[in-house]
Amino acid sequence: MLDRRGCVRALLAERGDLLVVSGLGAPTYDVAAAGDSPLNFYLWGAMGGAAMIGLGLALARPKARIAVITGDGEMLMGLGSLATIGVKQPQNLAILVLDNRHYGETGMQASHTQYGIDMIGIAKACRFPETHTISRESEFTEARRLLHAAHGPVFIQAHVRQEEVARVLPSRDGNEIKLRFLQAVAKLDQV
Amino acid sequence: MDPTVDQQATWPDAIHAHFRRARIRQVGYVPDAGHSRLIQRCIEDPDIIDVVLTTEEEGVGLVAGATLGGERAALLMQSSGVGNCINMFSLIRSCSFPCLVLVTMRGEFAEFNPWQIPMGSITEDCLRLCGFLTYRIDHPDDVDEVVGAACDMAFAGNVPIAVLLSQRLIGRKVWSK
């Protein structure tokens, strides 16, 4: 079992121009804790929508690399989007699910993954060519390669410990997060 | 062929022309009889990426992602799909994303299926409560002007706008079996 903060920090280290969408709740705090960046689009709501935001971005910017970092509960609410992504086959999109098998924000109730619902199996069935599970730090190197460089769509399930971690809160102002992201992306185009 | 009458009506072509004029690059949709001609135009257009969705709320995320990537997107859905989107529309309001939605109406005029009425009768109210401006079109002659205005406003002002294509415009659904 992985420490979620350490996992996200390791996978986002030296991230370059990676564009990151974070699912509401703990994944947003984990991505912020790994280092705030204008290339992060933090979600504070819209549960179930993270993967589709990633798809819209991936289709709009085929030369950029997009990572969606979300939780098991958020991903479960948008399982249909895996089928939609499977249809479009975006090579530049990777989804990392931090699976603690619980709904952390609402009191640590069990999620479906705790009962054996197999998200990797679902991603495979949705034609994700790269699917991978990690539960040890020794697997970070391979997970980094998949997240940043593999021919996608990529689906990574990281088994993380069920634990409450101190919240690291980025801005909650959706307009600010959006404008900052847009300005940072525009700067990438100027280089 | 899907069972909607008047697949020969050309008003969907006027919508597609506005999509091109407005440089809309992504179109999300759930397959729909009333939108079938427009969907086909979008699929055939090399400048538009068509994204078939499993549920309409996915399209709201798609619009947000496209906008973050510097592109314009539009959504096509049936009135029932508006109900599927309601919480996800908070993304549009929270971040002031432009959002252009074309809604084919059911449950309001010569509807043969009573199960369409509960959602069809509240679709426009729901959209307004979610912060959308709504335009309604009953006559084919109005499609070009109204959809053109909606495209311009949505992207000029980061405004959510829904154009309701009425059941009278689309035509009576024929139950052929």
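## A covered helix in chain A

Helix 2 of chain A, which spans residues 26-33, is mostly covered in this predicted model, with 7 of its 8 residues buried. The buried residues of this helix are A:Ala26, A:Pro27, A:Thr28, A:Tyr29, A:Asp30, A:Val31 and A:Ala33. What covers them includes helix 1 (4-12) of chain A together with strand 1 (19-22), strand 2 (40-42), strand 3 (66-71) and strand 4 (93-99) of that chain. Just after helix 2 of chain A comes A:Gly35, whose phi is positive, at about 130°.

## Where the two chains meet

Chain A and chain B are in contact through 26 residues of chain A and 26 residues of chain B. On the side of chain A that touches chain B, the elements giving two or more residues are helix 3 (50-60), helix 5 (79-88) and helix 8 (174-190) of chain A. Helix 3 of chain A gives the most to this side, with 8 residues. By type, the residues of the side of chain A that touches chain B comprise 14 nonpolar, 9 polar and 3 charged.

## Helix 3 of chain A against helix 3 of chain B

Helix 3 of chain A and helix 3 of chain B (residues 56-68) have axes that come within 6 Å and cross at roughly 40°. The two helices are therefore oblique to each other, and helix 3 of chain A passes helix 3 of chain B in a right-handed crossing.

From helix 3 of chain A, the residues A:Met52, A:Ile53, A:Gly54, A:Leu55, A:Gly56, A:Leu57, A:Leu59 and A:Ala60 take part in the contact, and from helix 3 of chain B they meet B:Glu58, B:Gly61, B:Leu62, B:Val63, B:Ala64, B:Gly65, B:Ala66 and B:Leu68. The residues of this contact divide into 11 nonpolar, 4 polar and 1 charged.

## The sheet of chain B

Chain B holds an open sheet of 6 strands in the order 2-1-3-4-6-5, with parallel pairing. Strand 2 (49-52) and strand 5 (133-137) of chain B stand at the edges with a single partner strand each, so one side of each is left without a neighbour in the sheet. From one strand to the next, the twist averages 20°.

Within this chain, strand 4 (residues 99-104) and strand 6 (residues 160-165) of chain B pair in the parallel sense over 6 bridges, and B:Val103 stands opposite B:Leu164 in strand 6 of chain B. Helix 3 of chain B packs on the sheet, where it touches strand 1 (24-29), strand 2, strand 3 (72-78) and strand 4 of chain B, and the direction of this helix makes about 170° with that of strand 3 of chain B. Helix 8 of chain B also packs on the sheet, touching strand 3, strand 4, strand 5 and strand 6 of chain B, with a direction that makes about 165° with that of strand 6 of chain B.

## Helix 1 beside helix 8 in chain B

The axes of helix 1 (residues 11-21) and helix 8 (residues 143-157) of chain B come within 9 Å and cross at roughly 25°, which makes helix 1 of chain B roughly parallel to helix 8 of chain B. Their crossing is right-handed.

In this contact, B:Trp11, B:Ala14, B:Ile15 and B:His18 of helix 1 meet B:Val143, B:Asp144, B:Val147, B:Gly148 and B:Cys151 of helix 8 of chain B. The residues of the contact of helix 1 with helix 8 of chain B divide into 6 nonpolar, 2 polar and 1 charged.

Definitions and conventions. Residues are numbered from 1 along each chain as its sequence is written. Chains are lettered from A and ligands numbered from 1 in the order in which they are written. This is a predicted model: local features need pLDDT of at least 70, side-chain atom pairs count only at pLDDT 80 or more; totals for chains, interfaces and linings use all residues. Two residues are in contact if their C-beta atoms, placed from the backbone, lie within 7 Å. Helices (H or I, at least four residues) and strands (E, at least two) are DSSP runs, numbered from the N terminus. Ala, Val, Leu, Ile, Met, Phe, Trp, Tyr, Cys and Pro count as nonpolar, Asp, Glu, Lys and Arg as charged, and the others, Gly among them, as polar. Axes are lines fitted to C-alpha atoms, for helices over the stretch in contact, and angles run from 0 to 180 degrees between N-to-C directions. Angles under 35 degrees count as roughly parallel, over 145 as roughly antiparallel, 65 to 115 as roughly perpendicular and the rest as oblique. A crossing is left-handed if the near helix is turned anticlockwise from the far one by less than a right angle, and right-handed if clockwise. Two strands pair if DSSP finds at least two bridges between them. A residue is buried if 20 or more other C-beta atoms lie within 10 Å of its own, exposed if 12 or fewer, and partly exposed in between; C-beta atoms are placed from the backbone.
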